[in-house]
Amino acid sequence: MQAKHTPINNDFGLEVTVFCVKTGIQKKQIAIACRIPYQTLIHVIKGRRPGHEIVPKVQEYMRIYAVEHENG
């Protein structure tokens, strides 16, 4: 029996995953907030699609979210 292959996240994917774990927010919520398709975000996280436009949007969202929720 072969194990199912799960693509490994790239550095950006790891950054998003850690953010999600720390804040309890889902990747789907990040995609909605950044106005990008969820599947596009997943493809960028997995390294299947270049993220030169997506990565800065998501990083900015995560930065702002962290600042707004740091005391709460």
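Which pattern does the protein follow, read along the sequence? The pattern is α-α-α-α.

**Before you start**

This is a predicted model, so local features need pLDDT of at least 70 and side-chain atom pairs count only at pLDDT 80 or more, while totals for chains, interfaces and linings use all residues. Residues are numbered from 1 along each chain as its sequence is written, and side-chain values use heavy atoms, with hydrogens and water left out.

**Stop 1: the whole chain**

Show the cartoon. The protein has 4 helices and 0 strands. Both are DSSP runs, numbered from the N terminus: helices are H or I with at least four residues, strands are E with at least two.

Colour by pLDDT, the predictor's confidence in each residue, from 0 to 100. The average is 89, and 88% of the residues score at least 70.

Switch to the surface. Its accessible area comes to about 5500 Å², by the Shrake-Rupley method with a 1.4 Å probe; for residues, only the protein chains shown count as cover. Carbon and sulfur atoms hold 54% of that area. Buried residues make up 31% of the 72 residues. Buried means under 20% relative accessible area, exposed over 50%, and partly exposed in between (1.4 Å probe, protein chains only).

Now the contacts, meaning heavy atoms within 4.5 Å. Of those with a separation of 6 or more, 50% join residues 24 or more positions apart.

**Stop 2: Phe19 and Tyr65**

Select both side chains. Their ring centres are 5.6 Å apart and their planes stand at 80°, so the pair is edge-to-face. Rings of Phe, Tyr and Trp (its six-membered ring) pair if their centres lie within 6.5 Å; planes under 30 degrees apart count as stacked, over 60 as edge-to-face and the rest as tilted.

Phe19 lies in helix H1 (residues 11-23) and Tyr65 in helix H4 (residues 54-68), so the pair ties together parts that are 46 residues apart in sequence. Phe19 and Tyr65 are buried. For Tyr65 the relative accessible area is 18%.

**Stop 3**

Tyr61 and Tyr65 are 4 residues apart in helix H4, which means about one helical turn separates them. The structure holds 2 aromatic pairs. Phe19, Tyr61 and Tyr65 form one aromatic cluster.

**Stop 4: Lys28 and Tyr38**

Select Lys28 next. It lies over the face of Tyr38, at 5.2 Å from the ring centre. The criterion is NZ of Lys or CZ of Arg within 6 Å of the ring centre and within 35 degrees of the ring normal.
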